[in-house]
Amino acid sequence: MNTETPKQSVSLKARVQKLGTALSGMIMPNIGAIIAWGLITAIFMAQGWFPVKHIAILIQPMLHYLLPLLIAYVGGRMVYEERGAVVGAIAVMGVIVGAKIPMFLGAMIMGPLGGWCMKKFDALFQDHIKSGFEMIYNNFSSGIIGMLLAIFGVYVINPLVVAGSNFMSMGVTWIMHIHMLPLANLFIEPAKVLFLNNAVGNGILVPLGIQQAASLGKSVLFLMESNPGPGLGILLAIMLFGKGNAKSSAPGAAIIEFFGGIHEIYFPYILMQPVLILAAMAGGVTGTFLFQVLGGGLKAAASPGSIISILLMTPRGGYIANLLGVGGACLVSFLVATLLLKTTKAKDDDLEAKQKQMEAMKAESKGQPMVSKEEAQQAVESYKDVRRIIFACDAGMGSSAMGASLLRDKAKKAGINDVPVTNTAVSRLKDEPGLLVITQNELAERARERTPQAMHVAVDNFLSSPKYDEVVTNLKAARQVEPAPTTSSQPSATPQQQKTADWQDVDFARVKEVDFIHTDQHRGTATMATQLFKEELQQAGKDVAIKRLALADLPDDDHHLVIVTPAAQRTLKLRATHVQVIVLPNLLDQEQLAAISQQF
């Protein structure tokens, strides 16, 4: 467990992970669209399984327009929500039009650039817009900035990206021509174990692979990171020749890795015994060599990297080559891992420590505490404010979802139903009161950077960790010692106290903006309430941003205080979970607005 204040400096590894996550974060949400394009290409193109000329006309428009637009849209949204997404999509048209190559690299530049420009423009001017003119400002500002960026893309970014893409394509073609492509796995496999797999695969190899597949019909680049063979070979070797907890958990991990495509599952096994990275490198080099020599490749990205995805994306006539490449990678990594396990001294320190923790918890459950009373009390005290648990991994999909499911089941069996357990990507973590973040050791630094006020628990393996039992035990104990609710013998609240009780949980020190949410039917009421509250703040000498917003435009973070009616609150709960809320039966209640203004 880690509840320390994070270091101010960020390590190089964390910076590289952050950049890689940003690149892959634009590709991963669009993997479904890439797969759809790949399936249409594989099935209906002239050389496909069932050629249909009328359907094949979808291939080029999807490749040149749909996919770059989606990537740019997501990139802009990552920077500045929906406004950034729209401007990013407009801007990328400037690099798409006139280009003869798919503009994936251009989309990864123009999308975030559009979101950043829109964010900076709003920071300068949005607070100075008079009430009632917000819609005019929002629409015209995004349209004008999008137009200017699209023109900038035509004359500046387009030529640069075309030149860069041609240079990279020539480099890849040259490396493949001299049969040196397999050596790239000497760098890819260690990068994967450092949780850069999504950055390498979706941020680099997938965009290059799509360009190559567009001209050649398939690309071996799709298989270099997604090949499940190296990981499967290592897990099989551990299953047969490993020790302790690693050996017992390896069979389940092998099934998840090979058929589920969640490669992160085998990374902790290598981190426990780093020498096994040699087995992964040997398997990766072997697999890529066989793919290249035998003519293997995929029509589109295989995501997740499971054998099922690979077979679905394999073009006609390529099954033998791809299966031999996966099988050869598995065999070589298995043989090398077996040799390493038998000839090197196993480093089971981490596993032994875990077993000791399990023994401690078992002994404590039998009335034989193995820690001091003070230590146990401190552990319980640290959990009394936990109201939400988030599992965070690099992509926020595979391994973190499994960990969340395991802990959710343990909590349910322990009778803990009031603490939601969810999963997300590290890059999407947001600080909030009562948050407990569980992540893997390699990503712990980034998690602490994103949520410095939260509690943190770092584990070696999401699939199997004794710390889950520790978390559940402490949560249960903390709820047993919480103070009892106040009795009815206490004096009843005065009407004014009853009113202010509705916002006693609001942290006014964190509020940077107050928003009045409106619907189409109550736009006028929200506008009047906004003006009244501005006047109250001016009289109180307070300087806080006040806005009237539609619900769809509301950012979901606790720096925003939302004032709504009871009817609008029900809709708000479905849209936003992090904002702070004050519910007023009447938004024009000047006495209530004055009381709220005094809290700042």
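Leaving aside its neighbours within four places in sequence, which residues is Asn322 in contact with? Let me start there, and then widen the view. Hello everyone, by the way, and please keep in mind throughout that this is a predicted model.

So, the answer. Away from its sequence neighbours within four places, Asn322 touches Leu223, Phe291, Gly296, Gly297, Leu298 and Thr314. The residue sits in helix 14, and its relative accessible area is 1%, so Asn322 is buried. Helix 14, residues 319-343, is also the element with the highest mean pLDDT in the protein chain, at 92.

Now for the whole chain. You are looking at 600 residues, of which 49% are buried. The protein chain has 23 helices and eight strands. If you take the contacts with a separation of 6 or more, 72% of them come from residues 24 or more positions apart. As for the surface, the chain exposes about 29,200 Å², with carbon and sulfur atoms supplying 62% of that area.

Let's turn to a helix pair. Helix 2 covers residues 31-44 and helix 4 covers residues 59-96; their axes come within 10 Å and cross at roughly 175 degrees. Angles over 145 degrees count as roughly antiparallel, so that is how helix 2 runs relative to helix 4. Who meets whom? On the helix 2 side we have Ala33, Ile34, Ala36, Trp37, Ile40 and Thr41, and they meet Ile59, Met62, Leu63, Leu67 and Leu70 in helix 4. By type, the residues of this contact are ten nonpolar, one polar and no charged.

While we are in helix 4, have a look at Glu81, which belongs to that helix. Its phi is near 50 degrees, a positive value in a residue other than glycine. For background, most residues other than glycine have a negative phi. Is Glu81 buried or partly exposed? With a relative accessible area of 45%, Glu81 is partly exposed.

Ser427 lies in the loop that links strand 2 (421-425) with strand 3 (435-440). How far apart in space are the C-alpha atoms of Ser427 and Gly25? The distance is 8.8 Å, for two residues that are 402 residues apart in sequence. Ser427 has 33% relative accessibility, so it counts as partly exposed.

The other example is His456, which you will find in strand 4, residues 455-459. Its relative accessible area is 5%, so His456 is buried.

Finally, a friendly word on confidence. The chain averages a pLDDT of 77, and 80% of the residues score at least 70. Where pLDDT is low, the predicted coordinates should not be read in detail.

Definitions and conventions:
Residues are numbered from 1 along each chain as its sequence is written. This is a predicted model: local features need pLDDT of at least 70, side-chain atom pairs count only at pLDDT 80 or more; totals for chains, interfaces and linings use all residues. Side-chain values use heavy atoms; hydrogens and water are left out. Axes are lines fitted to C-alpha atoms, for helices over the stretch in contact, and angles run from 0 to 180 degrees between N-to-C directions. Helices (H or I, at least four residues) and strands (E, at least two) are DSSP runs, numbered from the N terminus. Angles under 35 degrees count as roughly parallel, over 145 as roughly antiparallel, 65 to 115 as roughly perpendicular and the rest as oblique. Contact means heavy atoms within 4.5 Å. Ala, Val, Leu, Ile, Met, Phe, Trp, Tyr, Cys and Pro count as nonpolar, Asp, Glu, Lys and Arg as charged, and the others, Gly among them, as polar. Buried means under 20% relative accessible area, exposed over 50%, partly exposed in between (1.4 Å probe, protein chains only). Accessible areas come from the Shrake-Rupley method with a 1.4 Å probe; for residues, only the protein chains shown count as cover. pLDDT is the predictor's confidence in each residue, from 0 to 100.
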